[in-house]
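Please work through the packing exercises below, in which each task is followed by a solution in steps.

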Amino acid sequence: MTHAILIIEDERVLAKNIKTYLERHGHAAVVVHSGEEGLARLDGALPDVVVLDFHLPGVDGLEVLARIRARSASVKVIMITGDATVKVAVQAMKLGAFDYLSKPVVLRELRLLVDRALGLDRSREPASTGPAPEAGGSELDKLAGESAPMLALKDAIRRLAEAERLVLDNDLPTVLIIGETGTGKECVARAVHFEGARKARPFIEINCASIPPQMLEAELFGHERGAFTDARERKYGLIEAADGGTLFLDEIGELDLPMQAKLLKVLEEKKLRRLGGLQEHRIDFRVIAATNQDLALRVREGKFRSDLYYRLKMVQLELPPLRERGDDVLLLARGFLAMHASRYRKPGLFFTPCAQRALRGWHWPGNVRELRNMLEQIALMAREEAIAARDLALPSSFAHHPPAAPAAPPGHEMNLEGMERQYLVAALGQARWNVTQAARSLGLSRDAMRYRIEKYSIKGEP
Ligand SMILES: Nc1ncnc2c1ncn2[C@@H]1O[C@H](COP(=O)(O)OP(=O)(O)OP(=O)(O)O)[C@@H](O)[C@H]1O
């Protein structure tokens, strides 16, 4: 059974990590960033548990707790604090908090508390247990795809996990995941962590592009009270929160050069000093990084440190663009359609053959994310069970004339080159032999298209 958790936390990165972690363990979580927003949410359906920060802008945590109690005695509230003084904790318990945790939040501890609050006492699990079974299949299983490059990628993740389990010391290699936007880099990062030796420890993620550079350092390294004007209390950084586990740095190419130097230092020394702090703390964390940029090019341009680049790509995993995954498009499309159809209570939706050709032939610049979002829209709007090509949110010129499926001549097995030639001819015909347009419809550059036209000796309009 899914339980509803409301997270009221103004630290956005922490809030997102708590949400993802609890969702992974089978709960439905919603995040708001202020006490006012949290109270407004309580006017609707009541959550089962509220995870509530003490220090909030505006109405503070204790006030929110008091108001929750005035509304309902059954909602369980778990408080989170930066500096838990006994006085504040006692006050919270008097006001009816279920329990409290101090920062840095150890996600596993929080989950055990949430489970206890829900009456699902798993606190007697041995410390080494992995993700809860209710999480619904491993992260690797969630990575849908049967095409050759996806099978090779999943095999590489399995082999990496195997090696990690056998390694004698605890120093796991850094992993760099590359691929276009929306190809599933975050999913792969999760699979690497949750298949690996540290799966029971925290998985902390941060998108380096979403935090202004001047705030990123404090977010990663934490700070002592008074380190700068706004530092009213000690804050633990995400690197400390990832102690024993994995720090996932998404969009690593966005780090500026000074931050790259600091990251390299902490990666090499595994020691960290909070901003404004004097003491160094030993931290055991492994890094997985992802980027859709060409980091080698950024190194050549002097925008990315080569030493950090080589440190990060000890193991490199590459996600192919969706257009290069053959029938995976249909596999993923059917999966997303079924998922959204069940959410919107429209069972029985299916693709017509023409829609399947359109899905297969589109070049998917936004990759799996584009496909997933499109199918949500389709399921939402669908009036009939059959989804035709014109129902897909693709440019109308494409959706009305998707490339014909290459058919093998009777009695002959079509080889790869033969299929490619037929696709090229079909796309050229569709584009009235306009090479640029045909190249675009296949997601190729004009030069790549010209090269293939020559390679297969495709001659003008038949
Ligand atoms: N192989 C897959 N199977 C199922 N879902 C997938 C797969 N790959 C990606 N997705 C889904 O597609 C969406 C985008 O994936 P994700 O966020 O991992 O991409 P990304 O490469 O990290 O994107 P960005 O570069 O923009 O950060 C997510 O909703 C994810 O769950």
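This is a predicted model: local features need pLDDT of at least 70, side-chain atom pairs count only at pLDDT 80 or more; totals for chains, interfaces and linings use all residues.

Residues are numbered from 1 along each chain as its sequence is written.

**Exercise 1.** Determine the strand order of the open sheet and its edge strands.

Solution. Helices (H or I, at least four residues) and strands (E, at least two) are DSSP runs, numbered from the N terminus, and two strands pair if DSSP finds at least two bridges between them. The open sheet has 5 strands in the order β2-β1-β3-β4-β5, with parallel pairing. β2 (28-32) and β5 (99-102) are the edge strands, each pairing on one side only. β4 (residues 76-81) is joined to β5 by 4 bridges, and T81 stands opposite S102 in β5.

**Exercise 2.** Describe how helix α1 (residues 12-24) crosses helix α5 (residues 107-117), and list the residues that meet.

Solution. Axes are lines fitted to C-alpha atoms, for helices over the stretch in contact, and angles run from 0 to 180 degrees between N-to-C directions. The two axes come within 10 Å and cross at roughly 60°. α1 and α5 are therefore oblique to each other, given that angles under 35 degrees count as roughly parallel, over 145 as roughly antiparallel, 65 to 115 as roughly perpendicular and the rest as oblique. With contact meaning C-beta atoms, placed from the backbone, within 7 Å, N17, I18, Y21 and L22 in α1 meet L107, L110, R111 and V114 in α5.

Notes: Two residues are in contact if their C-beta atoms, placed from the backbone, lie within 7 Å.
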